[in-house]
Every structure is written in C-alpha cells, then in structure tokens.
Amino acid sequence: MTTTSSALAPALAAETLPLRSVPAPGEPAAKAPAAAAFHHRPVRTEPPAVRILLTVIALAFLGLFIGLPLIIVFVEALRHGWAAYAEALIEPDALAAIQLTLIVAAISVTANLIFGLVASWAIAKFEFPGKSLLITLIDLPFSVSPVVAGLVFVLLFGAQGLFASQLRAWDIQIIFALPGIVLATIFVTFPFVARELIPLMQEQGTAEEEAAVSLGASGLSTFFRVTLPNVKWALLYGVLLCNARAMGEFGAVSVVSGHIRGLTNTMPLHIEILYNEYQFVASFAVASLLALLALVTLVAKTVLEHRLKEEEER
C-alpha cells in the first residue's frame, strides 16, 4: 500500500499544478512573462543633444573636406567667366589630355572588367591550388604606393630596364608612351571590380550553377545566364569605381608618362602643369571636369547601392 501511494504521488502532484490555457485556433499564444517584460523594456538611446552634436560634427567635416573644395574648384574655374572657361577646355593640350584620359580609362576598365569577372568566378565558385595567393595578389595594389608601381614598370620596360634590349629590337616603346600609362593604370585599378564581386559570389554559393549544369547547361551558358545576372549591379558598381580611379590616377601615371605635352599628359598631369605655370583658371577648368566626374560617380554609386541592396533582400 505504501509503495502504491509513493508511485501515485507524482501523478497526484501533477494534477494539482495549474494547467496552461491552450489558445483557440486563430488566437495568438500568450507571451511568457520574461519575454513580455523584455518586449516592453524602453529602448535606450543617446540624448538628443548628443545626437545633434554628432550630426553637426559629421556635416561640418564633410562640408570642410568635401563640399568646400568642390565649391572652390568651380568658383576658380569660372572666375573670368564662361568664355575663359570654355577656352581653357578647347585648348589643344587640354583636348589631348582629355582624349588620352578617356582612352586609358576605356582600356583599363575593359581589362579590369574581364579580369574581375574571371578572377571572382574562379575564387568564389571553384577550389584550386594557389587560391589564397591569388586573393593576396588582388589586394596588392591597395598596399603598394602608385609611385612605387610606376617605378617598377620603369625598371622593367625603361631604357635601362630588364626588357630594354628586346623592346628596342622589336621597336616597341612602353615607358613615356600610351602602353606604359595603360599598364600603370590597370595595376592601380584592377582590385576594384574583383573586390566587389568576390564577397557577393561567395555569399550566393554554387547551388544555382550546379542546378543549371545538372540540367545540361554548359559552363559558359551557366555563367552568362545564371552567374552574371545575379551579380550585375555589383559588377556595375565595381566598374564605376574603377573608372573614377582610372581617370583620376596621378602617381603611377606621373612616373611612366614623361610629362610630354599633347602626347602623354592625362588630365591630372595637365592640371599640375597648368597650376605650376600659374594658369589658375585653366587648371581649375580642367579640374572641374574631374570634379563633375566625382559628382556623377557619387550619384551613380548611391543608385547602384540601392539596387544592390534590393537585389540582396530578394
């Protein structure tokens, strides 16, 4: 009898516990007391005075280091009126510098577009020996001074460089000519496209590509119909940044160009020469073109970031 009472004690004790009410169909479940208390806990934030102060400091910093220089560029460019501004832009050396800048940017962006797509596709979608080394090499221009990069090309392709004899035998000039400027620009800009695509491709994984291949799609068909549409906004974003850096590059191009007026001066180099010669209106007029490029890049960057965020949320 004692044994039976001991065995039934837990059951009887359970019957005395309060039963939880089961919500009817369609009725929301009751929240736990702890969760409810946490839910109603007031959100803590900084006092309004602190938020206003931080906002004012940030706006003042942006106005001083970004807004004010842009305003000064346009004010100085138009100091003597629109006629002097237009004359500075249609001057033969200025036109040659603008044309050379556009040619170099077009070649560099195209080369980096192809390299960025191939490198990011290989790194994100495949495993192969030397993958870590490739990622490190892509980041190399971020850690090497552009001037040092230009000097490296001079040591390789200059008159006393490592390949000087072969270049003379083939009558090819790289340094102080268009090829050297293009090589230097490609070097300093090639991480931009790849660095925008690699994280996105790695996050997307390989499930869609594997599904396409299992359905009989070839490698190129999978790339153009599956991979490329998924990264189109990030690709345009990388191309935009690459183009802005290519048109504004100074250090590496300055070393390999030779500063030949009308031949090897890009827009940044032409601006420096005009400024050193005290032609301030002309120098700021050409600089205003780069400033306009910066503003267009900023607007396009904002739009592409918005589209890329929408693409990631889908």
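Predicted model: local features only at pLDDT ≥ 70, side-chain atom pairs only at ≥ 80, totals over all residues.
**Entry 1: where α11 meets α14**

On the α11 side I found Phe192, Val193, Glu196, Leu197 and Leu200. Their partners in α14 are Ala234, Leu235, Tyr237, Gly238, Val239, Leu241, Cys242 and Arg245.

Next I looked up the geometry of this pair. The axes of α11 and α14 come within 7 Å, and they cross at roughly 160°. Angles over 145 degrees count as roughly antiparallel, so that is how α11 and α14 lie to each other. I also noted the hand: α11 passes α14 in a right-handed crossing.

**Entry 2: α11 by itself**

Which residues of α11 are buried? I got Pro191, Phe192, Val193, Ala194, Leu197, Ile198, Leu200 and Met201. Among these, Phe192, Val193, Leu197 and Leu200 also turned up in the contacts with α14. I jotted down a reminder about spacing: with 3.6 residues a turn in an α-helix, residues three or four places apart point the same way.

Then I checked the length. α11 has 14 residues, which at 1.5 Å a residue should span 20 Å. Its end C-alpha atoms are 20 Å apart, so the two values agree. Just after α11 comes Gly205, and there I read a positive phi of about 75°.

**Entry 3: α10 against α14**

I turned to α10, another helix that packs on α14. Here the angle is about 135° and the axes are 10 Å apart. That makes α10 oblique to α14. The crossing is right-handed here too.

Which residues make the contact? From α10 I listed Thr185, Val188 and Thr189; from α14, Cys242, Arg245 and Ala246. Cys242 and Arg245 were already in my notes, as they meet α11.

**Entry 4: the nonpolar cores**

I then looked at the largest nonpolar core, which holds 23 residues. Those touching the most other members are Ile138, Phe153, Phe157, Ile175, Ile181, Phe187 and Val256. Two or more residues come from each of α5 (92-125), α8 (146-157), α10 (178-189), α11 (191-204) and α15 (251-257). Which element gives the most? I found that α10 does, with five residues.

Leaving aside residues up to four places away in sequence, Phe187 touches Pro141, Ala149 and Phe153. Phe153 is itself on the list of residues with the most core neighbours.

Last, I noted a second, separate core of 21 residues, including Ala88, Ala94, Ala105 and Ala282.

How values were computed: Residues numbered from 1 in each chain as written. Heavy atoms only, no water. Core = buried A, V, L, I, M, F, W, Y, C linked by side-chain atoms within 4.5 Å. Buried < 20%, exposed > 50% of the residue type's maximum accessible area, 1.4 Å probe, protein only. Helix = DSSP H or I, 4+ residues; strand = E, 2+ residues; numbered from the N terminus. Contact = heavy atoms within 4.5 Å. Expected span 1.5 Å × (residues − 1). Axes fitted to C-alpha atoms, helices over the stretch in contact; angles between N-to-C directions. Parallel < 35°, antiparallel > 145°, perpendicular 65-115°, else oblique. Left-handed = near helix turned anticlockwise from the far one by under 90°.
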